Amino acid sequence: MKTVFLWLLLLSVVGCSFSARILAMAPFPGKSHYIFVSGIIKALHQRGHHIVEYSPYPPSKPLANYTHMEVHTEFEKQTQNWTFEQFAQVAKLSNSMWPNPFGFINVWWMTNPMCKEIFQHENIKNLINSKEHFDLVITESSFGQESMLVFGNRFGAPTITVQGFSSVPALNRDAGNALSIATIPEMASFIATDNMTFVERLFNFVSVICSLLLYHNYQLPAQDKILRENYIQDAPSIGELVGNVSLYLINSHPAVEYPRPYTPNIIPIAGITISPDRTPLPKDLKKFMDDAKEGVVYFSLGTVVPVHILPEELLQAFVSAFKKLPQKVIWKTDLESIPNLSKNVMLTKWVPQPGVLAHPNCVLFMTHGGAFSQQEAIHAGVPTVGIAFFGDQPANVKFAEHRGIGVRLAFDSISEETISTAINTVLKNPKYKENVQRLSRIFHDRPMTPADSAVFWVEYVLRHGGAHHLRSAATQLSWYQLALLDILAVVMAAIVILCFVLRRIYSLLFVWKKQPKVTKKKKEN
């Protein structure tokens with residue numbers, strides 16, 4: 001017994017020695033974004049680190065060694081005031097097959113005013129003026145919040161950037177990672193697969209170049225201006241702050257997106273939002289699913305899509321389509337009621353989504369195509385019908401189509417008939433179930449869990465006081481050097497000079513051979 005006590009004491013001392021104070025700056029009021037950030041923070045907190053978090057989302061209950069400081073901005077009210085016409089227009093533009101080289105600028109138009117407002121917040125001012133000590137700062141800087149990196153400089157701590165979707169051109173450029181233009185479509189600007197035609201690769205090239213030009217000539221100067229006008233202390237330039245990021249934790253895995261190369265400072269941790277400690281299903285929901293002999297169709301449009309503004313005729317199209325199904329339907333929505341619902345449909349405002357998808361009777365997930373919803377479907381091995389609206393959703397639904405794990409239902413063509421066709425296409429063809437179960441096995445098969453991977457690499461940065469040794473020298477090269485255009489120019493110049501010299505030599509030899517000989521007779525004359 002004494003030996004066991006000594007071992008426990010030793011383990012607690014070791015655990016305490018690794019405990020760090022971590023500042024998490026997550027002010028963006030997007031629930032899906034925060035889900036990814038909170039997955040990382042939760043894993044670090046469970047490891048024994050002290051978390052100080054600034055975000056709009058307080059924890060459900062007070063936690064030891066977890067300090068939450070609430071910050072809210074005007075941006076939270078914007079989506080609440082959307083009309084259906086505005087929403088439909090955004091969805092139409094986002095789902096266009098034509099490239100939109102200015103796709104990411106819409107994000108920056110949202111985040112730049114938010115960052116400016118954040119620096120005026122009383123809690124943030126108090127933080128800046130405080131004598132707090134932090135060993136690490138975590139931000140979502142690559143999502144239009146580059147100025148948040150200043151807190152790493154303020155507290156003399158290394159910074160880590162987290163991103164709730166796969167890498168984008170700006171992040172790749174900052175991290176020194178390959179852009180992979182020929183095989184990886186630019187998610188915010190262009191909907192395609194990793195098997196692009198010549199025209200698609202041309203469109204992707206234009207999209208990536210425009211995205212990088214806007215990032216360096218619009219976004220970084222705009223964030224620099226925000227910092228200069230609103231941050232009350234001296235600070236390096238935004239370019240320096242971005243160049244000082246130690247590590248990037250991104251929502252990526254080959255089972256849930258197209259395979260791509262990553263430099264050592266980019267760590268894919270897709271699946272960190274799927275907790276192994278699954279929340280039990282409520283009793284009424286469990287009974288509803290257990291009794292579904294023909295299976296259950298789960299329908300949810302996530303946390304961002306404003307269902308309350310959808311017109312009645314659109315809702316009734318779903319009602320009519322569900323009425324014809326032999327399966328039961330769980331419809332997650334904030335609406336209190338929907339007229340004409342059949343008995344096989346259950347309305348609910350909240351469900352433990354991973355638990356519903358993991359239930360053996362769940363046969364289909366009708367989703368908006370958000371990254372986390374799609375990953376949970378793949379994790380559970382459930383095929384999908386994707387109704388994409390904006391952001392990364394169109395790209396995710398395209399991926400599901402390409403991998404044969406789901407079909408796309410276009411938002412602007414929704415009717416009772418198209419809904420029924422999409423559902424029956426997936427349910428009556430076993431290939432969708434087989435493909436998603438294969439991806440599920442791949443998604444589960446990894447050397448360590450996403451949470452363990454995130455914790456290891458965060459603690460790696462803590463142990464080494466940063467991780468700049470993981471940065472590729474590509475971050476120090478100009479764009480033309482990375483593309484080897486300077487080498488190509490020298491080679492082309494050498495070829496041109498060589499061709500000129502050879503042509504000159506040939507010309508001289510030819511002229512000399514053709515030169516007429518002076519005869520003796522002519523000489524006598």
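Is Glu132 buried, partly exposed or exposed, and what is its relative accessibility? Glu132 counts as partly exposed, because its relative accessibility is 36%. Buried would require under 20%, and exposed over 50%. This note covers a predicted model. The points below start with the whole chain and then turn to local features.

1. **The chain as a whole.** The chain has 525 residues, and 49% of them are buried. Its secondary structure comes to 21 helices and 13 strands. Along the principal axes, the C-alpha atoms fill a box of roughly 125 × 60 × 50 Å. The chain exposes about 26400 Å². Carbon and sulfur atoms supply 59% of that area.

2. **Arg21 and Glu132.** The structure holds 8 salt bridges. One of them joins the side chains of Arg21 and Glu132, at 2.6 Å from N to O. This pair links distant parts of the chain, 111 residues apart. Arg21 sits in strand β1 (residues 21-25). Glu132 sits in the loop between α6 (122-129) and β4 (136-139). Arg21 has 23% relative accessibility, so it counts as partly exposed. Glu132, at 36%, counts as partly exposed too.

3. **Asp224 and Arg228.** A salt bridge also joins the side chains of Asp224 and Arg228, at 3.6 Å from N to O. Both residues are in helix α9. They are 4 residues apart, so about one helical turn separates them. Asp224 is partly exposed at 22% relative accessibility. Arg228 is partly exposed at 42%.

4. **Arg260 and Glu257.** Are the two partners in this salt bridge buried or exposed? The side chains of Arg260 and Glu257 meet at 3.1 Å, N to O. Arg260 has 17% relative accessibility, so it counts as buried. Glu257 is buried as well, with a relative accessible area of 8%.

5. **Strand β8 and its cover.** Strand β8 spans residues 296-300. Why is β8 described as largely enclosed by the rest of the structure? The reason is that 5 of its 5 residues are buried. In a regular strand, side chains alternate between the two faces of the sheet. Both faces of β8 are covered. Val296, Tyr298 and Ser300 are buried on one side. Val297 and Phe299 are buried on the other.

6. **The neighbours of β8.** Strand β8 runs parallel to β9 (residues 328-332), and 5 bridges join them. Val296 stands opposite Lys328 in β9. Between these two strands the chain passes through helix α12 (residues 312-323), and this β-α-β crossover is right-handed. Strand β8 also runs parallel to β11 (residues 362-367), again with 5 bridges. In β11, Thr367 is the bridge partner of Ser300.

7. **A nonpolar surface patch.** Which residues make the nonpolar surface patch of about 880 Å²? They are Trp479, Tyr480, Leu484, Leu485, Ile487, Leu488, Val491, Met492 and Ile495. Helices α19 (479-482) and α20 (485-514) each supply at least two residues of the patch. Helix α20 gives the most, with 6 residues. Ile495 is found in α20. Ile495 has a relative accessible area of 42%, so it is partly exposed.

8. **Two positive phi values.** Most residues other than glycine have a negative phi. Asn65 has a positive value, near 60°. Asn65 is in the loop between β2 (50-55) and β3 (66-70). Its relative accessibility is 44%, so Asn65 counts as partly exposed. Ser180 also has a positive phi, near 50°. Ser180 lies in the loop between α8 (169-175) and α9 (198-230).

9. **Arg154 and its surroundings.** Arg154 lies in helix α7 (residues 150-154). Which residues does Arg154 contact, leaving aside its neighbours within four places in sequence? They are Ile128, Asn129, Ser130, Tyr231 and Gln233. Arg154 and Phe134 are 20 residues apart in sequence. In space, their C-alpha atoms are 9.7 Å apart.

Note on methods: Residues numbered from 1 in each chain as written. Predicted model: local features only at pLDDT ≥ 70, side-chain atom pairs only at ≥ 80, totals over all residues. Heavy atoms only, no water. Patch = residues over 30% accessible without salt bridge, like charges linked within 9 Å, V, L, I, M, F, W, Y side chains within 5 Å. Areas by Shrake-Rupley, 256 points an atom, 1.4 Å probe, with all protein chains shown as cover. Salt bridge = Lys/Arg side-chain N within 4 Å of Asp/Glu carboxyl O. Buried < 20%, exposed > 50% of the residue type's maximum accessible area, 1.4 Å probe, protein only. Pairing = 2+ DSSP bridges. Right-handed = clockwise from strand over helix to strand, strands pointing away. Contact = heavy atoms within 4.5 Å.
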